[in-house]
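Welcome! Take a moment to look over the sequence and the model before reading on.

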Amino acid sequence: MIKLSKPYIGTEELEEIKKVMESGCAAGTCPEVTKFEEKFAEFVGSKYAVATSSATTALHLACLALNIGKGSKAVCPSYTFPATGFAPLYTGANLEIVDVEPDTFNLDVETLPHEYRPDVIIPVHCFGNPADMCMIEDYAIENDTKIIEDAACAIPAYHESKHAGTRGDIGCYSFYAIKNLCTGEGGMLVTDNEEIAEKARSLCDFGKTTTKPLPKFTQLGYNYRLSAIQAAMGLEQIKKLPWMHKQRIRIAQLYNKFIEDELSGFVAPQVIMDGCTSAYQRYAVVLSQKIDRDKVIEDIARKGVQTTIGTYCLSSQPYFKDYKNENPVSRMLFNQSISLPMYPELTEIEVQIVCNTLKECVLH
């Protein structure tokens, strides 16, 4: 079976985990966490970074740090994992779900609300493909709206040489097992605003404020910390990111060429805007609406290749049933998108097997 994804973990990570365990300090307050935050901020070019237990908790903290709460208005795209929409709802905010572009799979700025000014917009860099931040920033400036970038899949990804996740007020990343930087679970919040960073850091650690001789608990906080074990893994993963990213680009180029040569009109790859570089956390394509996507996934699996859907459409999920926007493009992508195997160690021979199997099942 050619797997959909697998982390690139070696002896280096295991050695660092061993050192943490032997030190007797493995909690979220241990030195490795601070080191990881500093290295990550340096890597993406952000002034501050706050390590969290997941991208979901990072998104929640981001909303709280921007004072998004009851009565606030939030906007996010429909074609995304539910965590994007859950984050502002955790704070009591009102949520509007808007549609995405059929080619980039990213937020369609034309669908953003103009009848009212949202307090925050949460664009998603879908599968690591940078959203059109220039258009989003223009909208945010016009409407006095804050931006939280859901960059869960976008490490490393670039928009005009700037890291995805660093153009808004806050960016949030994921280190989940199938993400490009893997710590098993984990996330990171980045910002250039010191006040935002300190508020998020306090909220992440039970609402503590550092004072002497003892810290004080000054606000309702959470236990959203990343452990030193995970941070130790992250420090090693950062070193490998440039090589891993290069391999993902190589694999994507092989897929792109095959689809263009053999499956044009039946399969369309995700479009990357000029001036952007995708992280290719997933290699997702959309099948012609004449093709039964679910059957293709089943047929490919029987032939020894693991695939899955792209991601979810919030508008089609039961919890979001009261959010009235139909978002037809998101629904179409939810029904017709498929993710092909993508991980750094995938060989050219394996990519060819995936391509040939996809062709056989799509054209059957």
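This is a predicted model: local features need pLDDT of at least 70, side-chain atom pairs count only at pLDDT 80 or more; totals for chains, interfaces and linings use all residues.

**The largest pocket**

- The largest pocket holds about 540 Å³ of space.
- Its lining is made up of 28 residues, and Phe81, Ala152, Cys153, Lys179 and Thr311 are the ones that lie nearest the centre.
- Two elements give two or more residues to this lining: helix 3 (55–65) and helix 4 (83–90).
- Helix 3 gives the most, with 3 residues.

**The second largest pocket**

- The second largest pocket has a volume of about 440 Å³.
- Around it are 20 lining residues, with Arg201, Ser202, Asp205, Lys208 and Thr210 nearest its centre.
- At least two lining residues come from each of helix 2 (31–44), strand 1 (48–52), helix 6 (194–204) and strand 10 (208–209).
- Helix 6 supplies the largest share, 4 residues.
- Sorted by class, this lining has 7 nonpolar, 7 polar and 6 charged residues.

- The structure holds 1 disulfide, and the bond joins cysteine 25 to cysteine 30, with 1.8 Å from S to S.
- The link of cysteine 25 and cysteine 30 is left-handed, with -95° about the S-S bond.
- Are the two partners buried or exposed? Cysteine 25 is partly exposed, at 30% relative accessible area, whereas cysteine 30 counts as buried at 2%.
- Cysteine 63 is in no disulfide, and the nearest cysteine sulfur, in cysteine 172, is 8.0 Å away. Cysteine 63 counts as buried, with 0% relative accessibility.

**Salt bridges**

- A search of the whole structure finds 17 salt bridges.
- Arginine 167 forms one of them with glutamate 137, and their closest N and O atoms are 2.9 Å apart. This pair links distant parts of the chain, 30 residues apart: arginine 167 sits in the loop between strand 7 (162–163) and strand 8 (170–174), and glutamate 137 in helix 5 (residues 133–143).
- Lysine 239 pairs with glutamate 236 in a salt bridge, the closest N and O atoms being 3.0 Å apart. Both lie in helix 7 (residues 228–262), 3 residues apart, about one turn of the helix. Lysine 239 is exposed, with a relative accessible area of 60%, but glutamate 236 is buried at 10%.
- Aspartate 299 and lysine 295 meet through their side chains in another salt bridge, 2.8 Å from N to O. Helix 8 (residues 293–302) holds both, 4 residues apart, about one turn of the helix. Aspartate 299 counts as buried at 10% relative accessibility, while lysine 295 counts as partly exposed at 41%.

Note on methods. Residues are numbered from 1 along each chain as its sequence is written. Side-chain values use heavy atoms; hydrogens and water are left out. On a 1 Å grid over the protein atoms alone, a cavity is a set of points where a 1.4 Å probe fits but cannot get out, and a pocket is an open set with protein on both sides within 12 Å along at least five of seven lines; lining residues have an atom within 4 Å of a point. Grid points are joined across faces, edges and corners, and a volume is the space filled by probe spheres set on the points. Ala, Val, Leu, Ile, Met, Phe, Trp, Tyr, Cys and Pro count as nonpolar, Asp, Glu, Lys and Arg as charged, and the others, Gly among them, as polar. A disulfide is a pair of cysteine sulfur atoms within 2.5 Å. Buried means under 20% relative accessible area, exposed over 50%, partly exposed in between (1.4 Å probe, protein chains only). A salt bridge is a side-chain nitrogen of Lys or Arg within 4 Å of a carboxyl oxygen of Asp or Glu.
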